[in-house]
Amino acid sequence: MANLLLKTKIHVPKPRPGLIGRKRLLERLDEGLLTGRPFALISAPAGYGKTTLVTNWLAGLDRAKAWLSLDELDNDPVRFFSYLIASLQTIDLKIGQETTRLLSGSGLLPVSAVAVTLLNEILAASQPFVLVLDDFQEIKNETIFLAVQTLLDHHPYGLHLVMITREDPALSLPRLRVRNQLTEIRLNDLRFDLAESMDFFTASAGVHLKDEEVAALEARTEGWIAGLQLAALSLRGLAGEQAAQFIKGFSGHHRYIIDFLMEEVIKRTDPCIQNFLTRTAVVDRFNAELGDLLTGESNAKTIIAQLEQANLFLIPLDSEGRWYRYHHLFAQFLRTELRKSEQICLQQQAAHWFADNDLGEEGIKYALAAGSYDLAGDLLRSQAAQVFQRGEMVTLLEWLNLLPAEGVETNPEFVGYKAWSLFLLGKSEEAVNYLQRTEGLKQENSDSLTAGRLLALRGWIANYREDPRTKEIAISAIEKLGGSDPFFLEIALLSLGHAQRKNDPMPESTATLYRAYDTSRRAGHMFTGLGALLDITMNLVIQGERRESMKLCKLGLQEYADSQGKPLPMAELLYIPLGILQYEGNNLEEARDLLEQGIRASRLLGLNRILGGDAEQTLTLIYWTLGDIQTAWDLLKEAKANTDAQAFPIIWDRYKAFEAHLLLKQGDLTGAMTWLESSTLTPSDSITSFKEILYLVLARILFRIGRLEQAWELLNNLRRFDLERGRKGRLVYVNVLSSVVLQAWGRQAEAISLMKEAVDFAAPAGYLRPFLGEGSEVRELLLAVQAAKPEFITPLLGYFSDQPKHSDPKLIPSLPASVMIEALTQRELEVLRLVAEGLSNEEIATQLYISLGTVKWHVKNIFGKLGVGSRTQAAAQARRWGLLKQGEL
């Protein structure tokens, strides 16, 4: 974007000659800088000399300085940061290089990621400097406020931020005051006192007045500098008596005298200059060529020189004397001197001129202001692609909203841009509704690129809604996009990769994600590239390629690093999969440190709400395994509270299931059963990758309450799902749990077979946690297969003695009667006790003095109520649920 930036916005203004020295205010600014306060706020209404004060201060400052003049278009975060970086690079060209990589073509980029990256680059700046943000009152965007707050909260050494504004910004000013980090100069500070007013009229304005006349003007303007300056302009050329009469007629608060003073100034101006002033005021900036066009004359250069000499509120915007603007108050007044029809005509002329001079975005602004929608639409078609590719969604959406809705909704290109802008700005529901409303747009009216972009968005939304059409839509998008738009191709490939992960063999998903990663790297799109890399590493974990995934994480941390070799803030997200991989290998302390670092990065970047919770849930398990139960629960509670259940229901569902898993580990079967009863999951459901974790929790609960057949049915479905799709990393967990269930069911040979298979999958990649996390029953099964892989199993068995007691399933308390399908009768309890003692049906009939048929009927009822299929299972379930009295078998 560098070649499209207006250099006038980052030009440090030069102090104007003849300024009144404001020693008390300059000393206050000096004191704030020298004592290390990171922030200076100059806040007052228009016309109080805020900018003049700061430019005068900078002129005498022996320190590097950067400047950014803001306007309403800078509410687009990408545009704001692009200009901010350009300003900072006048200090040090290295500042912003990595941040620019982040900004490059990535509309999915969180602003917090940019702020953190830029913060780190400022920390490495070659020299201390002052950064001035002028006209900050134009900023209304909350994400920009958050970004600026980030800079202030961490205030990198060497940066002194000065903000000039007409109103206080939405920042934590009280906190900065308490910390003594803020220098403030406000309206009462900026007012000219009587002595300064005297100096102004005599030395600066060249108007000689009596002391009492100056005092009268100072009192009536309340030291308002613009009012005094306008009064001085009005008084020029007036004789003593005329000046006295003018001053006598000059009364009222400055809010009411502006029109009077402006009118006085204009009345005393040559008609030719009047015409120039009023007609050039319709634009925010002008040069001599545009001035000639708007006035229909050829004397703009001469008039500009006269205005500079007369100090008539003309402000140069560059050091070459090419571009100018008027003081905001003066410009506002001048525009009231034109009829509406004249303004529209001039705005149309300006729109054409800017467009013809390769300044199309300014052309759009004036075409929209004039209500020339056909012209605005034509200009927007020529500019939309590059504005969108720069990620300036706020700007693009604002333009589209200003065009008539009918004109936008019958244009496939505009529909695509609007839908994508809504989505990328976090307005996903609005984007979906808009797409549905414009669904009938005929495809033959759109080119392949436009159709591909729309399909890429539809595929992305479909993916997060678990729409079964995701794969079909993404493939169609990829075919239409070809290689013409890397960013949308990356989005479509990511959607396809996610869809393939749900139902297709994992290697297919991984291959698609690698293609997205390679496309992102070639295009320089860091955010989508890292997103693809994170997905690939998690795919490899699921596939059982733990060591390959670790290698990829480490390569990514090296590739996405700054000049000092430190991983960029975005790249620190790779600590999450790396920490999960270390956890799988039971390297708990290292895993804890990595995950804490990755979670900090995700929070700092504002991504922790959408990353799925894998990091927080794994870290919770680590704290639990290390015996820090309270920290584990606190972390889970915090992470769950930070989840947007409405926007990301699957993440919320995973947290609820994980909470039930912890309750089960803690021995709170009642709490776990509460989740089971509220869940809509059943053992016969079709499995999806997003919900596999939920089904594993369901299987564990079914096992612990003795519903072994249902648990096995579900686990067998999971096992088949994982086997067919090459999900060996997940299959280890499923096999281990399946083996434990089969052993409890009395199917020992099958249990041993599945445990051996789990070992075969886990040993090459070093997966240990699937065995250590399911309880002490696993140890006996591992002993049974130890001979198959002694080099893996023998050290693994050693870990079981280190398992904390709270994870022992034997601590699970008795099952409450409310959980049972139907309460056992007293006679059934008697029969169950004898079954547990190993008596046959005939022996039970003899002991209880009932018929053999009655015994069989009781046994059948007991099996049904306990959810079991054999006498052995019934006995085991009775012991587990505490249905037998203490001392009974």
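Because the model is predicted, local features need pLDDT of at least 70 and side-chain atom pairs count only at pLDDT 80 or more, while totals for chains, interfaces and linings use all residues. Residues are numbered from 1 along each chain as its sequence is written, and side-chain values use heavy atoms, with hydrogens and water left out.

The description begins with the sheet. Five strands make up an open sheet, arranged in the order β2-β3-β4-β1-β5 with parallel pairing. Its edges are β2 (64-69) and β5 (182-186), each of which pairs on one side only. On average, neighbouring strands of this sheet are turned by 15 degrees against each other, direction ignored. Strands here are DSSP runs of E with at least two residues, helices are runs of H or I with at least four residues, and both are numbered from the N terminus. Two strands count as paired if DSSP finds at least two bridges between them.

One pairing may be followed in detail. Strand β3 (residues 129-134) is joined to strand β4 (residues 159-165) in the parallel sense by five bridges. Within β4, M163 is the residue that stands opposite L133.

Helices lie across these strands. Helix α1 (residues 23-34) lies across β1 (39-43), β3, β4 and β5, and runs at about 165 degrees to β5. Helix α3 (residues 77-88) lies across β2 and β3, at about 155 degrees to β2. The angles, from 0 to 180 degrees, are taken between N-to-C directions of axes, which are lines fitted to C-alpha atoms, for helices over the stretch in contact; contact means heavy atoms within 4.5 Å.

Attention now turns to charged side chains. The whole structure contains 40 salt bridges, each defined as a side-chain nitrogen of Lys or Arg within 4 Å of a carboxyl oxygen of Asp or Glu. One of them joins D74 and R79 at 3.1 Å, N to O. Both D74 and R79 are buried, a term for under 20% relative accessible area, with exposed meaning over 50% and partly exposed in between (1.4 Å probe, protein chains only). D74 and R79 also belong to a network of salt bridges that links them with K9, D71 and E361.

R177 and E184 meet at 2.7 Å, N to O; R177 is partly exposed at 39% relative accessible area, and E184 is partly exposed at 21%. R339 forms a salt bridge with E342, their closest N and O atoms being 3.8 Å apart. Here R339 is exposed, with a relative accessible area of 55%, whereas E342 is partly exposed at 24%.
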